[in-house]
Amino acid sequence: MGLVTTEHRGGAAVITYANPPLGTMTAAGSVEMFDATRAAIDDPAVRCIIFTGGLTDIFIRHYDVGELIVLGDTLSKAPPRPAPPPSDERPAAGFLGLTDLVAACGKPVVAAINGLCMGGGFELTLACDLRIAGRSVPSIGLPETRIGIFPGGGGTQRLPRVIGEAKALEMILRGLVLNAEQALEWGLVHEIADDPLARALEIAAEFAARPPEGLALAKRLTRAALDRPLSEGLADERRSFLEVVRLPSAIGAMRAALASGPIEQQGS
């Protein structure tokens with residue numbers, strides 16, 4: 001039996017990860033998650049992707065430390081190699097490929113954090129566009145420095161972009177984990193809810209009611225904003241706006257909105 005299941009609910013693909021009893025992420029689980037996410041991206045009927053955990057009170061506990069020890073032992077016996085030069089090339093698969101795929105895909109991705117979410121589990125949510133935590137979740141964060149390593153699945157790069165360098169340094173260097181209320185205060189999550197999956201589905205319904213092209217371009221532009229000069233970003237935004245405003249889906253949505261009265265008085 002696999003570790004990942006996908007359920008289609010309206011325009012949302014709910015991808016659930018369950019690796020009993022501890023709920024850790026593994027190499028095999030990463031491959032299944034990658035494949036499920038790729039399938040959801042390629043399905044035109046899917047307008048939003050939601051990740052959640054399939055075990056009680058566990059989203060993804062963290063990456064399997066036993067697998068990391070095996071990796072470390074293997075590398076320690078190999079001759080040292082110089083660090084590769086910086087590259088824009090992205091991993092093709094595995095956990096690192098999964099996080100890059102989530103961040104780059106043209107559909108909104110929401111993490112419905114229903115329980116423990118640390119280390120690699122939290123790094124996966126950092127690649128998502130929105131994070132909603134259950135009100136009773138006790139542990140969200142990056143504790144890797146407690147065991148002699150550091151967040152290697154994107155945490156050192158994505159967390160500062162979410163909460164700023166100062167708070168990110170505090171969390172990463174001290175290996176902090178926070179409860180849901182604290183995570184909201186720190187800006188790690190966007191919302192807390194009694195039922196994070198139900199709330200994620202409500203938001204997914206909003207996305208399903210909107211033309212996908214505008215959402216895809218908005219995500220791409222916003223994601224790239226901090227990685228390039230302002231002038232370059234503005235030029236891309238202006239080109240992309242002229243691209244989207246001419247689409248039949250956008251014209252139809254604008255006409256419908258105009259006929260319905262002031263936009264601020266319409267539903268979200």
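At what angle do helix 5 (residues 155-163) and helix 6 (residues 165-174) pack, and how far apart are their axes? In this predicted model, the angle is about 135° and the axes lie 7 Å apart. The report takes up this pair again below, after an account of the chain.

## Overall form of the chain

The chain contains 11 helices and 10 strands. Its radius of gyration is 20 Å, close to the 18 Å that the globule rule gives for 268 residues, so the chain is as compact as a globular protein of that length. Along the principal axes, the C-alpha atoms occupy a box of roughly 65 × 40 × 35 Å.

Of the 268 residues, 42% are buried. When contacts between residues at least 6 apart in sequence are considered, 70% of them join residues at least 24 apart.

## Helix 5 against helix 6

Two packed helices are described by the angle between their axes and the distance between the axes. For helix 5 and helix 6, the angle is about 135° with the axes 7 Å apart. That angle makes helix 5 oblique to helix 6, since roughly antiparallel would require an angle over 145 degrees. The crossing of helix 5 with helix 6 is right-handed.

On the side of helix 5, the contact involves Gly155, Thr156, Leu159, Pro160 and Ile163; on the side of helix 6, it involves Glu165, Lys167, Ala168, Met171 and Ile172. By class, six residues of this contact are nonpolar, two are polar and two are charged.

## Helix 4 and its two partners

Helix 4 (residues 120-127) packs with helix 5 at an angle of about 55°, and their axes are 10 Å apart. Helix 4 and helix 5 are therefore oblique to each other, and their crossing is left-handed. Phe122, Glu123, Leu126 and Ala127 of helix 4 make the contact with Gly155, Arg158, Leu159 and Val162 of helix 5. Five of the contact residues are nonpolar, one is polar and two are charged.

In helix 3, Phe95, Leu98, Thr99, Val102 and Ala103 meet Gly120, Glu123, Leu124 and Ala127 in helix 4. The contact of helix 3 with helix 4 comprises six nonpolar, two polar and one charged residue.

Ala13 is found in strand 2 and counts as buried, at 0% relative accessibility. Apart from its neighbours within four places in sequence, Ala13 is in contact with Thr6, Glu7, His8, Ala40, Val46, Cys48, Ile49 and Ile50. Ala13 and Ala205 are 192 residues apart in sequence, and their C-alpha atoms are 11 Å apart.

Leu201, in helix 8 (residues 196-208), is buried with a relative accessible area of 17%. Not counting residues up to four places away in sequence, Leu201 touches Arg9, Ala12, Val14 and Ile50. Ile50 is also among the contacts of Ala13. The C-alpha atoms of Leu201 and Gly11 are 9.1 Å apart, although 190 residues separate the two in sequence.

Leu230 belongs to helix 10 (residues 230-245). At 65% relative accessibility, Leu230 counts as exposed. Leu230 and Arg47 are 183 residues apart in sequence and 30 Å apart in space, C-alpha to C-alpha.

## Backbone features in two loops

Most residues other than glycine have a negative phi, and most peptide bonds are trans. The peptide bond from Pro20 to Pro21 is cis, with omega near 5°. Pro21 lies in the loop between strand 2 (12-17) and helix 1 (27-42).

Asp57 has a positive phi, near 65°, and is a residue other than glycine. Asp57 is located in the loop between strand 3 (48-53) and strand 4 (58-60). With a relative accessible area of 49%, Asp57 is partly exposed.

Notes
Residues numbered from 1 in each chain as written. Predicted model: local features only at pLDDT ≥ 70, side-chain atom pairs only at ≥ 80, totals over all residues. Heavy atoms only, no water. Axes fitted to C-alpha atoms, helices over the stretch in contact; angles between N-to-C directions. Helix = DSSP H or I, 4+ residues; strand = E, 2+ residues; numbered from the N terminus. Parallel < 35°, antiparallel > 145°, perpendicular 65-115°, else oblique. Left-handed = near helix turned anticlockwise from the far one by under 90°. Contact = heavy atoms within 4.5 Å. Nonpolar A, V, L, I, M, F, W, Y, C, P; charged D, E, K, R; others polar. Rg over C-alpha atoms; globule rule 2.2 N^0.38 Å. Buried < 20%, exposed > 50% of the residue type's maximum accessible area, 1.4 Å probe, protein only.
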